[in-house]
Structures are given as C-alpha cells and as structure tokens.
Amino acid sequence: MSRKTLNPIRAIVDCMKLTPNPDKPMIALSIGDPTVFGNLPTDEKVLQAMKDAIDSHQYNGYAPSVGYLQSRESVAKFFSCPEAPLAGKDVILSSGCSQAIDLAISVLCNPGENILVPCPGFSLYKTLAVSLGIEVKLYNLQPEKSWEIDLQHLESLIDEKTTCLIINNPSNPCGSVFSKEHLQQILAVASRHCVPILADEIYADMVFPGCGFHSIAALSTDVPILSCGGLAKRWLVPGWRLGWILIHDRGQTFEPEIREGLVKLSQRILGPCSIVQGALDSILNNTPQDFYSNTISLIQSNSQICYTALSTIPGLFPVKSSGAMYLMVGIEMKHFPGFQSDVDFTERLVTEQSVFCLPATVFEYPNFFRIVVTVTEHMMVEACSRIRDFCQAHYRFSSPEPNDLDQ
C-alpha cells in the first residue's frame with residue numbers, strides 16, 4: 001500500500017527548484033490553508049467553545065470511534081433539512097474531511113473497481129484510491145462553462161465496475177459552484193447507472209453573494225450519498241482536524257453493509273480530538289453570522305481583484321470563481337516559448353518574482369495554475385503586479401496558424 005501511495009502535489013512541488021528572488025519578499029499563493037497569513041482568524045466564540053470544553057474536564061478521555069453521540073446529533077441538526085433529514089446515527093465524525101473521504105472511498109470500493117474523479121480535482125482522491133488498488137477515471141470539467149462537468153464524458157466512463165462518483169462542490173481547485181440545475185443533471189446520470197455519490201462539500205456555503213450553494217443530497221430522490229465536510233475551511237480551523245460523513249441513505253441502499261462498514265473502519269483508529277467534539281455544538285450554533293459573511297467578503301474581494309488584474313495580462317486567461325478560496329488561471333503556452341510546461345512557468349515565477357502559484361499539473365490539468373485568494377489585499381495586489389511584470393518579460397507574440405486564418 002505504501003508503494004502505491006503517491007501525493008502528486010508533493011511529488012511535483014518537492015522536485016521544483018524554488019529559489020525566491022532575494023530582493024522580493026515571498027508571496028505564497030499555493031497553500032490551501034486560510035490561517036497562514038493571519039488575516040482570517042476564527043471567531044472568538046469558536047475559541048471560547050474550545051476553552052469551555054477544556055475547562056469542563058469532560059473531554060479528556062477516549063470518545064467513541066464514530067464520535068460522541070451528542071456531537072453527532074449537533075451535526076445532524078445543523079445540516080438537516082426537510083428534503084434530506086438527518087439523525088445522529090447518520091453522522092460519522094472523523095479526523096478532518098480528508099479522513100472522511102478516506103473512509104467513504106474505502107467503504108464504497110473494492111480493489112479492481114473504479115471511481116470517477118473530477119479533472120481538474122483535489123489530488124487526494126487519486127492518492128487514496130490508487131493506494132487501495134482502486135482505478136481512477138478522470139471526468140472533464142469545462143473551464144468555458146465555469147467548470148461544469150462534461151456530462152457526456154462522465155457518462156461514457158461508467159461501467160459495471162464503477163462504484164463511486166466523487167463530486168466536489170464548491171470546488172478545489174476551481175473555485176466554481178454548481179447550479180441547482182447542473183446538480184440535478186449529475187444526479188440523473190448517477191441514477192441511470194445506480195452509482196452512489198461521494199460529495200466533498202468541505203466548502204459548503206462558502207459562496208459569493210448572488211450565487212447559492214445547494215447540497216446535492218437535498219436534491220436527490222433516489223441516489224444514496226455520503227457527504228463529507230468539516231470545520232477546516234468555513235470555521236477557519238484546519239488544524240483542529242474535525243470532519244464528518246453525512247449518510248443520506250436513499251431507499252436504505254446503504255443498509256446494512258455500508259453503514260456497518262463505516263463504523264468498522266472508524267474503529268481502526270479512534271477518530272477526531274475529543275475536546276473539539278466537546279466544543280462542536282457551541283461552534284455550530286453560536287458562531288455569529290457576520291463572521292461567515294466577513295470571511296466571504298474578503299475572499300470575494302481578493303478573487304475579484306485577482307480576476308480583474310490577470311484578465312488584462314496577454315497570455316493569461318483566468319476563469320472567474322464563485323466560491324471556495326481559489327481561482328484557476330490558464331496559460332497560453334504558445335506565447336511563452338521559453339517555458340516547457342506550467343511547472344516550468346510557475347517555477348520561474350518564484351525565481352524571478354518570489355510569487356508561488358501551484359501548477360495545475362498537480363491536478364492533472366496542465367497549462368493552468370491555481371491561486372489561493374486568502375492573502376491580505378495588499379499582498380494580492382502586489383502578487384498580481386509581479387505576475388504582470390513576469391508575463392510581460394516573457395510574452396512573445398505568435399503568428400496565427402494557417403488553420404486559424406481559415407476560421
């Protein structure tokens with residue numbers, strides 16, 4: 001299993017020659033951690049909930065492997081809706097959303113079977129699946145359609161060994177948010193082929209004003225769904241490692257094997273920190289609404305600054321984002337003949353301008369790079385200015401190809 005485990009971000013980034021320009025302070029737009037710049041602290045009520053849990057001395061021991069029942073019930077109540085009701089028994093707590101995804105893939109798939117994964121998409125899906133002997137089939141997202149799924153391509157990949165369709169909405173790395181109509185189209189495909197859905201919704205409700213988030217489980221009438229989420233992003237505490245699986249068991253499809261399997265897998269290693277579990281009810285119910293809206297406001301402002309600035313740079317084509325913490329930028333490589341790939345491009349951007357963006361090759365989507373938009377506004381403006389200088393220095397006009405003239 002260890003020999004089959006490969007994290008492409010580490011495999012590619014660790015091999016890059018990242019030597020910043022000593023004359024310019026480093027601006028890292030590569031890390032999906034909203035806490036690193038200090039401009040997005042969690043709310044005081046979230047911190048107080050943790051302090052109260054510690055002071056109570058009630059949460060210093062082992063918790064049940066699936067989490068304290070009262071904590072699971074708090075999550076169920078927070079996410080329950082008439083279209084997709086939840087009870088405590090429908091929640092499995094985990095050590096972050098990553099472990100939730102690991103448990104979900106492990107329980108749904110056997111070695112030799114296959115899962116459907118978005119491209120571009122979060123690299124952990126493939127890392128986990130391949131290590132378990134599960135084949136990964138990449139379905140295309142369409143940048144020209146705000147990263148909607150190519151449904152025809154998706155459906156063409158399904159066969160008798162397909163046991164899971166992974167949906168990431170809002171998206172890392174794309175910053176896209178699916179419409180209600182598009183989610184219904186995705187459900188129709190899954191329903192036709194009897195494929196359950198693993199919904200990675202760690203960025204649930206982290207969407208910009210004017211764009212609504214729809215949990216896919218609330219739209220499903222027959223497709224069973226394991227929805228994975230956690231505190232990391234929306235509450236800005238990724239290091240606290242508290243995630244969950246919400247079991248939306250349409251037609252009792254997950255009874256009994258999948259439900260029992262999740263419990264058994266959670267017993268391999270006792271789950272998330274008991275103190276965070278003790279604070280969970282207060283975190284979910286007492287965090288003020290203006291904390292969420294202020295976080296979204298900063299991210300949206302930075303995203304707009306970045307998109308507007310990069311849209312005017314010849315050779316780049318950013319794709320406007322609608323949520324999460326990211327923005328994807330395409331590189332017209334023909335105009336940058338000095339670089340062989342997006343990895344080469346981003347490596348030299350560090351060397352010359354001390355700006356580090358993640359090459360999208362790590363998401364199996366070459367000729368793009370991903371920008372994290374959780375930095376301070378000053379850093380965002382400065383980074384865009386440096387990217388402009390870099391592109392102007394290396395941009396080369398190219399004559400249109402003969403076929404282009406015929407169009």
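I'll start with a proline: P173 sits in the loop between β6 (162-168) and α7 (180-193). The bond joining N172 to P173 is a cis peptide bond, and its omega is about 25 degrees. On the labels, helices (H or I, at least four residues) and strands (E, at least two) are DSSP runs, numbered from the N terminus.

Before going on, the basis for all this. This is a predicted model, so local features need pLDDT of at least 70 and side-chain atom pairs count only at pLDDT 80 or more, while totals for chains, interfaces and linings use all residues. Residues are numbered from 1 along each chain as its sequence is written, and side-chain values use heavy atoms, with hydrogens and water left out.

Back to the backbone. Most peptide bonds are trans, and most residues other than glycine have a negative phi. Another cis bond runs from C119 to P120, with omega near 5 degrees. P120 is in the loop between β3 (114-119) and α5 (124-131).

Now phi. S146 is not a glycine, yet its phi is positive, near 55 degrees. S146 belongs to the loop between β4 (135-142) and β5 (148-149). With a relative accessible area of 46%, S146 is partly exposed. The cut-offs are these: buried is under 20% relative accessible area, exposed is over 50%, and partly exposed is in between, with a 1.4 Å probe and protein chains only. N367 also has a positive phi, about 70 degrees, without being a glycine. N367 lies in the loop between β13 (358-359) and β14 (368-372), and at 32% relative accessibility N367 counts as partly exposed.

Is P238 buried or exposed? At 16% relative accessibility, P238 counts as buried. P238 is in the loop between β8 (225-230) and β9 (243-248). Leaving out residues up to four places away in sequence, P238 touches D33, P34, T35 and A232, where contact means heavy atoms within 4.5 Å. P238 and T35 are 203 residues apart in sequence, with their C-alpha atoms 8.1 Å apart in space.

Q340, in the loop between β11 (326-331) and α11, counts as exposed at 79% relative accessibility. Q340 and I258 are 82 residues apart along the chain, and 46 Å separates their C-alpha atoms.

Two packed helices are described by the angle between their axes and the distance between the axes. Here axes are lines fitted to C-alpha atoms, for helices over the stretch in contact, and angles run from 0 to 180 degrees between N-to-C directions.

Take helix α4 (residues 96-108) to begin with. Its 13 residues reach 19 Å from first C-alpha to last, close to the 18 Å expected at 1.5 Å a residue; the expected span is 1.5 Å times one less than the number of residues. How many of the residues of α4 are buried? The count is 10 of 13, so α4 is mostly covered. Among the buried residues of α4 are L103, A104, V107 and L108.

Ala, Val, Leu, Ile, Met, Phe, Trp, Tyr, Cys and Pro count as nonpolar, Asp, Glu, Lys and Arg as charged, and the others, Gly among them, as polar.

Next, α11 (residues 342-353) and α12 (residues 377-394): their axes come within 10 Å and cross at roughly 110 degrees. α11 and α12 are therefore roughly perpendicular to each other. The residues in this contact include F345 and R348 of α11 and F390 and H394 of α12. They divide into five nonpolar, two polar and four charged.

Last, α3 (residues 69-79) and α9 (residues 274-286) have axes that come within 8 Å and cross at roughly 20 degrees. That makes α3 roughly parallel to α9. α3 passes α9 in a left-handed crossing.

Definitions and conventions
Angles under 35 degrees count as roughly parallel, over 145 as roughly antiparallel, 65 to 115 as roughly perpendicular and the rest as oblique. A crossing is left-handed if the near helix is turned anticlockwise from the far one by less than a right angle, and right-handed if clockwise.
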